[in-house]
Amino acid sequence: MQLPLPAPCPGLYIFTVHSPISVNQEAQMARTLEQERAALEEEARKLEERRQRLEEREREQAIQAVEKTGLLKLETKRLTQLLARIKSLGFAEVEKRLSA
C-alpha cells in the first residue's frame, strides 16, 4: 500500500543535506593514503635491490666469460695495454678487424 504524498506547502523547501566526512573517516583516509605511499616506496626499494642484484650477476658473468678466454692470465701490463687499445679503437672497429 502506497501512502499519498503530502500537499506542497508554500515556503517549505526540502533540502538534501550531505553530511561532511567525519573526522574519523578523514583520519582513516589519511592513514590509508600514507599506507599506500609507504607500500609503493617499499615496492620501489625492493625493485631497486633486484636491479642491483641483476647487475651484479651480469658483471660476474662477464668476468667469468673473460676468465674463460684466458685474458686474465696475461701480465697486468700487457692486459692493460690490450684493453686500452680496444677502448681507443672502439668495440665495433675491433670486431670488424677480428672478423676480417
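Q: How many helices and strands are there, and what makes a stretch count as one?
A: The chain has 3 helices and 0 strands. Helices are DSSP runs of H or I with at least four residues, and strands are runs of E with at least two, numbered from the N terminus. Along the sequence the pattern reads α-α-α.

Q: What is the model based on, and how are residues numbered?
A: This is a predicted model, in which local features need pLDDT of at least 70, side-chain atom pairs count only at pLDDT 80 or more, and totals for chains, interfaces and linings use all residues. Residues are numbered from 1 along each chain as its sequence is written, and side-chain values use heavy atoms, with hydrogens and water left out.

Q: What is the mean pLDDT of the chain?
A: The mean is 84, and 75% of the residues reach 70 or more; pLDDT is the predictor's confidence in each residue, from 0 to 100.

Q: Why are H2 and H3 called roughly perpendicular?
A: The axes of H2 (residues 76-89) and H3 (residues 91-99) cross at roughly 105°. Angles of 65 to 115 degrees count as roughly perpendicular, so H2 and H3 are described that way.

Q: Which residues of H2 and H3 make the contact?
A: Arg85, Ile86 and Leu89 of H2 meet Phe91, Glu93, Val94 and Arg97 of H3, where contact means heavy atoms within 4.5 Å.

Technical notes. Axes are lines fitted to C-alpha atoms, for helices over the stretch in contact, and angles run from 0 to 180 degrees between N-to-C directions. Angles under 35 degrees count as roughly parallel, over 145 as roughly antiparallel, 65 to 115 as roughly perpendicular and the rest as oblique.
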